[in-house]
Amino acid sequence: MAAQPTPSQTVGPFFSIGLLEPDRSHLVPPDDVDAIGIYGRILDGDGEPVPDAMVEIWQADADGRYVDGFGWGRSGCDAEGRYSFVTVKPGRVPDVGGGLQAPHLSVLVFARGLLKPVRTRMYFPDDDSNAEDRVLASLPEDERGRLIARPDLQFDIRLQGPEQTPFFGV
Amino acid sequence: MSTLAVVQESGVDPPYLYPDYRSTSLRAPSKPLLLLPHTLSELTGPVFGEDYVDELDHDLTRGHAGEPLGERIIVTGRVTDRDGRPVRSTLIEIWQANAAGRYVHEVDRHPAPLDPNFSGAGRCLTDDDGRYRFVTVKPGAYPWKNHPNAWRPAHIHLSLFGRAFTNRLVTQMYFPGDPLFAYDPIFQSVRDSRARERLVCAFDLETTVPEWALAYRFDVVLGGPSETPMET
(Lines give C-alpha, C1' and ligand atoms only; values in the text may rest on other atoms or scores of the structure.)
Protein backbone atom coordinates (compact mmCIF):
# COMPACT_ATOMS: atom_id res chain seq x y z
CA MET A 1 0.00 0.00 0.00
CA ALA A 2 1.26 3.46 -0.83
CA ALA A 3 2.43 5.55 2.11
CA GLN A 4 0.14 8.40 3.06
CA PRO A 5 1.60 11.89 2.59
CA THR A 6 2.48 14.21 5.45
CA PRO A 7 -0.13 17.00 5.57
CA SER A 8 0.66 20.63 4.82
CA GLN A 9 0.62 23.35 7.49
CA THR A 10 0.87 27.11 7.12
CA VAL A 11 4.30 28.79 7.02
CA GLY A 12 2.92 31.15 9.68
CA PRO A 13 4.12 34.70 10.32
CA PHE A 14 7.75 33.97 11.27
CA PHE A 15 9.10 32.04 8.28
CA SER A 16 11.58 34.75 7.33
CA ILE A 17 13.99 33.58 10.05
CA GLY A 18 14.32 30.20 8.35
CA LEU A 19 13.58 30.82 4.70
CA LEU A 20 14.61 34.31 3.59
CA GLU A 21 18.32 34.29 4.39
CA PRO A 22 20.37 34.27 2.29
CA ASP A 23 18.39 36.09 -0.39
CA ARG A 24 17.44 33.79 -3.29
CA SER A 25 15.56 36.23 -5.49
CA HIS A 26 18.33 36.73 -8.07
CA LEU A 27 18.58 33.77 -10.44
CA VAL A 28 21.11 35.69 -12.52
CA PRO A 29 23.13 38.82 -11.67
CA PRO A 30 21.20 42.04 -12.41
CA ASP A 31 23.94 43.05 -14.89
CA ASP A 32 23.53 39.83 -16.90
CA VAL A 33 22.92 40.80 -20.52
CA ASP A 34 19.68 38.76 -20.57
CA ALA A 35 18.46 39.73 -17.09
CA ILE A 36 14.81 40.65 -16.66
CA GLY A 37 13.04 41.92 -13.57
CA ILE A 38 9.74 40.37 -12.53
CA TYR A 39 7.70 41.85 -9.73
CA GLY A 40 4.16 41.99 -8.43
CA ARG A 41 1.93 42.17 -5.42
CA ILE A 42 0.14 39.51 -3.41
CA LEU A 43 -3.39 40.73 -2.62
CA ASP A 44 -6.06 39.30 -0.32
CA GLY A 45 -9.84 39.09 -0.79
CA ASP A 46 -10.23 42.77 0.12
CA GLY A 47 -7.57 43.78 -2.38
CA GLU A 48 -5.21 44.56 0.50
CA PRO A 49 -1.52 43.67 0.21
CA VAL A 50 -0.25 40.56 1.96
CA PRO A 51 3.07 41.64 3.46
CA ASP A 52 3.84 38.30 5.09
CA ALA A 53 3.75 36.17 1.94
CA MET A 54 6.59 34.33 0.25
CA VAL A 55 6.77 33.60 -3.48
CA GLU A 56 8.79 30.82 -5.08
CA ILE A 57 9.39 30.30 -8.79
CA TRP A 58 10.66 27.34 -10.79
CA GLN A 59 11.55 27.79 -14.45
CA ALA A 60 13.49 26.44 -17.40
CA ASP A 61 16.61 28.15 -18.72
CA ALA A 62 16.61 30.36 -21.81
CA ASP A 63 16.81 27.24 -23.99
CA GLY A 64 13.72 25.68 -22.44
CA ARG A 65 15.61 23.11 -20.38
CA TYR A 66 15.24 22.32 -16.70
CA VAL A 67 18.82 22.07 -15.47
CA ASP A 68 20.60 21.46 -12.17
CA GLY A 69 21.75 24.65 -10.50
CA PHE A 70 19.36 27.08 -12.18
CA GLY A 71 15.69 27.89 -12.19
CA TRP A 72 14.57 28.20 -8.60
CA GLY A 73 14.06 31.45 -6.72
CA ARG A 74 12.38 32.71 -3.58
CA SER A 75 11.27 36.21 -2.57
CA GLY A 76 9.66 37.62 0.52
CA CYS A 77 7.20 40.52 0.30
CA ASP A 78 7.53 44.09 1.54
CA ALA A 79 4.91 46.12 3.41
CA GLU A 80 3.03 46.66 0.13
CA GLY A 81 2.91 42.91 -0.54
CA ARG A 82 5.49 43.30 -3.28
CA TYR A 83 7.86 40.51 -4.35
CA SER A 84 10.53 40.64 -7.05
CA PHE A 85 12.93 38.41 -8.99
CA VAL A 86 15.80 38.94 -11.38
CA THR A 87 15.98 36.11 -13.88
CA VAL A 88 15.99 35.34 -17.61
CA LYS A 89 13.00 34.60 -19.78
CA PRO A 90 12.68 30.82 -20.03
CA GLY A 91 12.51 29.07 -23.37
CA ARG A 92 9.65 26.85 -24.48
CA VAL A 93 9.33 23.53 -22.67
CA PRO A 94 7.86 20.36 -24.23
CA ASP A 95 4.23 19.60 -23.46
CA VAL A 96 2.94 16.12 -22.64
CA GLY A 97 2.31 14.21 -25.85
CA GLY A 98 4.17 16.58 -28.16
CA GLY A 99 4.29 20.25 -28.98
CA LEU A 100 5.78 23.04 -26.92
CA GLN A 101 4.39 25.11 -24.08
CA ALA A 102 4.64 28.89 -24.07
CA PRO A 103 7.39 30.32 -21.82
CA HIS A 104 6.18 30.34 -18.25
CA LEU A 105 7.25 30.26 -14.61
CA SER A 106 5.76 27.87 -12.07
CA VAL A 107 4.78 29.95 -9.05
CA LEU A 108 3.98 29.01 -5.45
CA VAL A 109 2.72 31.47 -2.84
CA PHE A 110 3.02 30.72 0.89
CA ALA A 111 1.60 32.89 3.67
CA ARG A 112 0.14 33.00 7.11
CA GLY A 113 -3.51 32.09 6.56
CA LEU A 114 -2.66 29.73 3.72
CA LEU A 115 -2.77 26.23 5.18
CA LYS A 116 -1.20 25.02 1.95
CA PRO A 117 0.48 27.05 -0.80
CA VAL A 118 -1.35 28.25 -3.91
CA ARG A 119 0.14 27.22 -7.23
CA THR A 120 -0.11 29.19 -10.45
CA ARG A 121 1.84 29.99 -13.62
CA MET A 122 3.12 33.29 -14.96
CA TYR A 123 3.23 33.74 -18.74
CA PHE A 124 4.92 36.51 -20.69
CA PRO A 125 3.14 39.37 -22.46
CA ASP A 126 3.18 39.66 -26.24
CA ASP A 127 4.54 36.17 -26.78
CA ASP A 128 3.06 34.65 -29.94
CA SER A 129 3.35 31.15 -28.52
CA ASN A 130 0.81 31.98 -25.81
CA ALA A 131 -1.85 31.27 -28.42
CA GLU A 132 -0.63 27.67 -28.70
CA ASP A 133 -0.30 26.93 -25.00
CA ARG A 134 -2.59 24.19 -23.78
CA VAL A 135 -2.98 25.49 -20.22
CA LEU A 136 -3.77 29.02 -21.38
CA ALA A 137 -6.14 27.72 -24.04
CA SER A 138 -8.06 25.75 -21.42
CA LEU A 139 -9.06 28.92 -19.58
CA PRO A 140 -11.81 31.42 -20.42
CA GLU A 141 -10.38 34.66 -21.79
CA ASP A 142 -10.66 36.78 -18.64
CA GLU A 143 -8.95 34.12 -16.51
CA ARG A 144 -6.29 33.56 -19.17
CA GLY A 145 -5.34 37.22 -18.93
CA ARG A 146 -4.71 36.85 -15.21
CA LEU A 147 -1.88 34.42 -15.90
CA ILE A 148 -0.06 36.81 -18.25
CA ALA A 149 2.23 39.47 -16.79
CA ARG A 150 1.82 43.12 -17.79
CA PRO A 151 4.19 44.57 -20.40
CA ASP A 152 6.60 45.70 -17.64
CA LEU A 153 6.49 42.14 -16.23
CA GLN A 154 4.35 43.05 -13.25
CA PHE A 155 2.41 39.99 -12.17
CA ASP A 156 -0.07 40.52 -9.33
CA ILE A 157 -1.56 37.49 -7.61
CA ARG A 158 -5.04 37.84 -6.13
CA LEU A 159 -5.75 35.13 -3.59
CA GLN A 160 -9.51 35.51 -3.52
CA GLY A 161 -12.53 37.23 -5.04
CA PRO A 162 -14.02 37.75 -8.51
CA GLU A 163 -10.61 38.72 -9.91
CA GLN A 164 -8.88 35.75 -8.28
CA THR A 165 -5.80 34.44 -10.04
CA PRO A 166 -6.42 30.93 -11.41
CA PHE A 167 -4.81 28.38 -9.10
CA PHE A 168 -3.87 24.83 -9.94
CA GLY A 169 -3.64 21.47 -8.29
CA VAL A 170 -1.61 18.48 -9.37
CA MET B 1 -15.57 27.41 -17.38
CA SER B 2 -12.12 25.99 -17.88
CA THR B 3 -11.66 22.78 -19.82
CA LEU B 4 -9.19 21.57 -17.18
CA ALA B 5 -10.53 19.11 -14.63
CA VAL B 6 -11.29 20.39 -11.14
CA VAL B 7 -9.03 19.03 -8.40
CA GLN B 8 -10.77 17.14 -5.60
CA GLU B 9 -9.70 17.82 -2.01
CA SER B 10 -7.31 15.09 -0.94
CA GLY B 11 -8.48 14.60 2.63
CA VAL B 12 -4.83 14.79 3.71
CA ASP B 13 -4.03 18.47 3.41
CA PRO B 14 -6.16 21.03 5.21
CA PRO B 15 -8.75 22.98 3.20
CA TYR B 16 -7.84 26.54 2.23
CA LEU B 17 -10.81 27.96 4.10
CA TYR B 18 -10.92 26.92 7.75
CA PRO B 19 -12.92 29.57 9.62
CA ASP B 20 -11.58 28.62 13.08
CA TYR B 21 -8.19 29.83 11.78
CA ARG B 22 -9.27 33.39 11.15
CA SER B 23 -6.47 34.41 8.81
CA THR B 24 -7.80 31.99 6.18
CA SER B 25 -10.96 34.06 5.65
CA LEU B 26 -9.47 36.66 3.28
CA ARG B 27 -6.63 34.55 1.92
CA ALA B 28 -8.30 31.27 0.96
CA PRO B 29 -8.98 30.99 -2.78
CA SER B 30 -12.71 30.89 -3.46
CA LYS B 31 -12.61 29.09 -6.82
CA PRO B 32 -11.82 25.40 -7.33
CA LEU B 33 -8.31 24.36 -8.28
CA LEU B 34 -7.75 23.29 -11.88
CA LEU B 35 -5.74 20.16 -12.62
CA LEU B 36 -2.46 20.94 -14.35
CA PRO B 37 -1.16 18.47 -16.91
CA HIS B 38 2.02 16.81 -15.63
CA THR B 39 4.55 18.39 -17.95
CA LEU B 40 8.27 18.77 -17.29
CA SER B 41 7.41 21.96 -15.43
CA GLU B 42 5.54 19.88 -12.86
CA LEU B 43 7.80 16.82 -12.84
CA THR B 44 11.12 18.59 -12.30
CA GLY B 45 12.34 20.62 -9.37
CA PRO B 46 15.38 22.37 -8.00
CA VAL B 47 18.44 20.33 -7.06
CA PHE B 48 20.33 21.65 -4.06
CA GLY B 49 24.02 20.91 -3.71
CA GLU B 50 26.30 20.94 -0.70
CA ASP B 51 26.97 24.63 -1.31
CA TYR B 52 23.49 25.41 0.05
CA VAL B 53 24.32 23.93 3.43
CA ASP B 54 27.17 24.59 5.85
CA GLU B 55 28.53 21.85 8.06
CA LEU B 56 26.94 23.20 11.25
CA ASP B 57 23.62 24.31 9.77
CA HIS B 58 21.88 21.19 11.16
CA ASP B 59 22.87 22.10 14.73
CA LEU B 60 20.84 25.03 16.06
CA THR B 61 22.66 24.89 19.40
CA ARG B 62 25.98 25.93 17.82
CA GLY B 63 27.25 29.06 16.19
CA HIS B 64 26.77 31.38 19.15
CA ALA B 65 28.97 32.35 22.07
CA GLY B 66 27.30 29.82 24.36
CA GLU B 67 24.67 27.10 24.39
CA PRO B 68 20.97 27.99 24.28
CA LEU B 69 18.78 27.47 27.32
CA GLY B 70 16.16 24.78 27.25
CA GLU B 71 15.90 21.07 26.70
CA ARG B 72 18.42 19.94 24.06
CA ILE B 73 16.84 17.49 21.59
CA ILE B 74 17.79 15.52 18.50
CA VAL B 75 15.25 15.39 15.66
CA THR B 76 15.80 12.72 13.02
CA GLY B 77 13.69 11.13 10.35
CA ARG B 78 13.48 9.78 6.86
CA VAL B 79 11.99 11.48 3.81
CA THR B 80 10.32 9.15 1.32
CA ASP B 81 7.95 9.32 -1.60
CA ARG B 82 4.56 7.63 -1.61
CA ASP B 83 6.15 4.38 -2.80
CA GLY B 84 8.46 4.36 0.20
CA ARG B 85 11.56 5.21 -1.80
CA PRO B 86 14.07 7.51 -0.08
CA VAL B 87 14.21 11.11 -1.28
CA ARG B 88 17.94 11.74 -1.42
CA SER B 89 19.86 15.01 -1.15
CA THR B 90 16.72 17.04 -0.69
CA LEU B 91 16.91 20.32 1.20
CA ILE B 92 15.15 20.54 4.57
CA GLU B 93 14.88 23.95 6.21
CA ILE B 94 13.53 24.38 9.74
CA TRP B 95 12.64 27.29 11.98
CA GLN B 96 11.20 27.50 15.47
CA ALA B 97 10.66 29.44 18.68
CA ASN B 98 13.18 29.19 21.50
CA ALA B 99 12.57 27.20 24.67
CA ALA B 100 10.57 30.11 26.11
CA GLY B 101 8.22 30.24 23.11
CA ARG B 102 9.75 33.33 21.45
CA TYR B 103 10.84 33.76 17.84
CA VAL B 104 13.72 35.98 16.78
CA HIS B 105 11.32 38.04 14.67
CA GLU B 106 10.23 41.67 14.93
CA VAL B 107 6.55 40.71 14.64
CA ASP B 108 6.71 38.42 17.70
CA ARG B 109 5.49 40.42 20.71
CA HIS B 110 5.18 37.55 23.17
CA PRO B 111 6.67 38.84 26.47
CA ALA B 112 9.02 35.88 26.85
CA PRO B 113 12.80 36.22 26.77
CA LEU B 114 14.90 36.03 23.66
CA ASP B 115 17.96 33.84 23.99
CA PRO B 116 21.20 35.39 22.71
CA ASN B 117 22.46 31.88 21.99
CA PHE B 118 19.54 30.77 19.83
CA SER B 119 18.46 32.02 16.39
CA GLY B 120 16.03 29.18 15.64
CA ALA B 121 16.84 28.37 12.01
CA GLY B 122 18.62 25.38 10.48
CA ARG B 123 18.96 23.37 7.31
CA CYS B 124 20.41 20.14 6.00
CA LEU B 125 20.32 17.76 3.05
CA THR B 126 18.98 14.22 3.36
CA ASP B 127 21.52 11.40 2.91
CA ASP B 128 21.37 8.55 0.39
CA ASP B 129 18.73 6.79 2.49
CA GLY B 130 16.60 9.94 2.78
CA ARG B 131 17.62 10.47 6.41
CA TYR B 132 18.16 13.78 8.15
CA ARG B 133 19.25 14.88 11.63
CA PHE B 134 18.95 18.15 13.52
CA VAL B 135 20.13 19.14 16.98
CA THR B 136 18.11 21.90 18.63
CA VAL B 137 16.18 22.75 21.79
CA LYS B 138 12.55 21.88 22.39
CA PRO B 139 10.49 24.94 21.45
CA GLY B 140 8.02 26.42 23.91
CA ALA B 141 4.31 26.94 23.35
CA TYR B 142 3.33 30.54 22.65
CA PRO B 143 0.21 32.70 22.57
CA TRP B 144 -1.33 34.17 19.43
CA LYS B 145 -4.32 36.38 18.76
CA ASN B 146 -6.56 34.05 16.76
CA HIS B 147 -9.12 33.80 19.59
CA PRO B 148 -9.20 34.53 23.35
CA ASN B 149 -6.54 32.60 25.27
CA ALA B 150 -5.16 31.06 22.06
CA TRP B 151 -1.86 29.13 22.33
CA ARG B 152 0.07 27.27 19.67
CA PRO B 153 1.25 23.83 20.73
CA ALA B 154 5.05 23.51 20.63
CA HIS B 155 6.16 22.88 17.06
CA ILE B 156 9.03 23.04 14.59
CA HIS B 157 8.36 24.34 11.06
CA LEU B 158 9.80 22.24 8.22
CA SER B 159 10.17 23.07 4.54
CA LEU B 160 10.97 20.30 2.03
CA PHE B 161 11.43 20.12 -1.74
CA GLY B 162 11.47 16.53 -2.98
CA ARG B 163 12.25 15.63 -6.58
CA ALA B 164 9.64 17.79 -8.28
CA PHE B 165 8.25 21.27 -7.67
CA THR B 166 4.89 19.54 -7.16
CA ASN B 167 6.33 17.63 -4.16
CA ARG B 168 6.99 20.90 -2.32
CA LEU B 169 5.85 20.72 1.29
CA VAL B 170 5.83 23.13 4.21
CA THR B 171 4.55 21.61 7.43
CA GLN B 172 4.88 21.67 11.20
CA MET B 173 6.12 18.93 13.51
CA TYR B 174 4.42 18.64 16.90
CA PHE B 175 5.42 16.79 20.06
CA PRO B 176 3.57 13.76 21.47
CA GLY B 177 0.71 14.25 23.89
CA ASP B 178 0.49 18.03 23.78
CA PRO B 179 -2.61 19.17 25.72
CA LEU B 180 -3.03 22.10 23.29
CA PHE B 181 -3.81 19.90 20.26
CA ALA B 182 -7.57 19.99 20.88
CA TYR B 183 -7.60 23.80 20.97
CA ASP B 184 -5.32 24.57 18.03
CA PRO B 185 -7.17 25.35 14.78
CA ILE B 186 -4.01 25.01 12.67
CA PHE B 187 -3.42 21.45 13.88
CA GLN B 188 -7.16 20.70 13.72
CA SER B 189 -7.42 22.07 10.17
CA VAL B 190 -6.17 18.65 9.07
CA ARG B 191 -9.55 17.01 9.28
CA ASP B 192 -8.53 13.36 9.09
CA SER B 193 -7.35 12.17 12.51
CA ARG B 194 -4.87 9.68 11.05
CA ALA B 195 -3.39 12.43 8.89
CA ARG B 196 -3.13 14.68 11.97
CA GLU B 197 -1.20 11.96 13.78
CA ARG B 198 1.38 12.09 11.01
CA LEU B 199 2.22 15.63 12.16
CA VAL B 200 3.28 14.37 15.59
CA CYS B 201 6.82 13.08 16.10
CA ALA B 202 7.59 10.00 18.17
CA PHE B 203 9.90 9.78 21.15
CA ASP B 204 12.90 7.73 20.04
CA LEU B 205 14.83 6.04 22.85
CA GLU B 206 17.24 4.33 20.47
CA THR B 207 18.48 7.62 19.03
CA THR B 208 18.49 9.33 22.42
CA VAL B 209 22.09 10.01 23.48
CA PRO B 210 22.69 9.01 27.12
CA GLU B 211 23.67 11.85 29.43
CA TRP B 212 23.12 14.36 26.59
CA ALA B 213 19.80 14.69 24.69
CA LEU B 214 16.42 13.08 24.09
CA ALA B 215 15.61 12.18 20.49
CA TYR B 216 12.41 12.45 18.48
CA ARG B 217 11.67 10.85 15.14
CA PHE B 218 9.66 12.57 12.41
CA ASP B 219 9.34 10.78 9.08
CA VAL B 220 8.00 12.72 6.12
CA VAL B 221 6.17 11.33 3.09
CA LEU B 222 6.06 13.70 0.13
CA GLY B 223 2.94 13.61 -2.05
CA GLY B 224 2.38 14.92 -5.54
CA PRO B 225 2.92 13.14 -8.83
CA SER B 226 5.41 10.31 -8.54
CA GLU B 227 6.21 9.80 -12.20
CA THR B 228 9.83 9.89 -13.23
CA PRO B 229 10.38 12.82 -15.58
CA MET B 230 10.86 11.90 -19.21
CA GLU B 231 14.26 12.54 -20.72
CA THR B 232 14.67 15.71 -22.72
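# Close-up views of a predicted two-chain model

Strand 1 (residues 36–43) and strand 4 of chain A are antiparallel partners, joined by six bridges. Strands pair here if DSSP finds at least two bridges between them; helices (H or I, at least four residues) and strands (E, at least two) are DSSP runs, numbered from the N terminus. This is a predicted model, in which local features need pLDDT of at least 70, side-chain atom pairs count only at pLDDT 80 or more, and totals for chains, interfaces and linings use all residues. Residues are numbered from 1 along each chain as its sequence is written, while chains are lettered from A and ligands numbered from 1 in the order in which they are written.

**View 1. Strand 4 of chain A has a covered and an uncovered face.** Strand 4 covers residues 82–87 of chain A. A:Tyr83, A:Phe85 and A:Thr87 lie on the covered face, and A:Arg82, A:Ser84 and A:Val86 lie on the uncovered one. In a regular strand, side chains alternate between the two faces of the sheet. A:Thr87 is also the bridge partner of A:Ile36.

**View 2. Chain A is built from three helices and eight strands.** Read from the N terminus, the order of elements is α-β-β-β-β-β-β-α-α-β-β. The radius of gyration of chain A, taken over C-alpha atoms, is 16 Å, close to the 15 Å that the globule rule gives for 170 residues, so chain A is as compact as a globular protein of that length. The globule rule is 2.2 Å times the number of residues to the power 0.38. The C-alpha trace of chain A spans about 40 × 40 × 40 Å along its principal axes. Of the 170 residues, 46% count as buried, where buried requires 20 or more other C-beta atoms within 10 Å of the residue's own, exposed 12 or fewer, and partly exposed a number in between, with C-beta atoms placed from the backbone. Two residues are in contact if their C-beta atoms, placed from the backbone, lie within 7 Å. Among contacts in chain A between residues at least 6 apart in sequence, 69% join residues at least 24 apart.

**View 3. In strand 3 of chain B (residues 91–96), six of six residues are buried.** B:Leu91, B:Glu93 and B:Trp95 point one way from the strand, B:Ile92, B:Ile94 and B:Gln96 point the other way, and all are buried. Strand 3 of chain B pairs in the antiparallel sense with strand 4 (residues 121–125) of chain B over five bridges. Five bridges also join strand 3 of chain B to strand 8 (residues 155–160) of chain B, again antiparallel. B:Ile92 has B:Cys124 as its bridge partner in strand 4 of chain B and B:Leu160 as its bridge partner in strand 8 of chain B.

**View 4. The largest nonpolar core has 89 residues.** A nonpolar core is a set of buried Ala, Val, Leu, Ile, Met, Phe, Trp, Tyr and Cys residues joined through C-beta atoms within 7 Å. The residues with the most contacts inside this core are A:Ile42, A:Ala53, A:Met54, A:Val109, A:Phe110, A:Ala111 and B:Leu160. Its largest share, six residues, comes from strand 5 (residues 104–111) of chain A. Neighbours within four places in sequence aside, A:Phe110 is in contact with A:Val11, A:Ala53, A:Met54, A:Pro117 and B:Val170.

**View 5. Where chain B meets chain A, 69 residues of chain B are in contact with 61 residues of chain A.** Several elements of chain B each supply at least two residues of the side that touches chain A, among them helix 1 (40–43), strand 3 and strand 8. The largest share of that side, four residues, comes from strand 9 of chain B. By class, the side of chain B that touches chain A has 35 nonpolar, 24 polar and ten charged residues. Ala, Val, Leu, Ile, Met, Phe, Trp, Tyr, Cys and Pro count as nonpolar, Asp, Glu, Lys and Arg as charged, and the others, Gly among them, as polar. Strand 8 (residues 168–169) of chain A runs parallel to strand 1 of chain B, and two bridges join them. A:Phe168 has B:Leu34 as its bridge partner.

**View 6. The mean pLDDT of chain B is 94.** pLDDT is the predictor's confidence in each residue, from 0 to 100, and 97% of the residues of chain B reach 70 or more. Over residues 227–232 of chain B, pLDDT stays under 50, and the model has eight contacts beyond four places in sequence for them. The model scores ipTM 0.97 and pTM 0.97.
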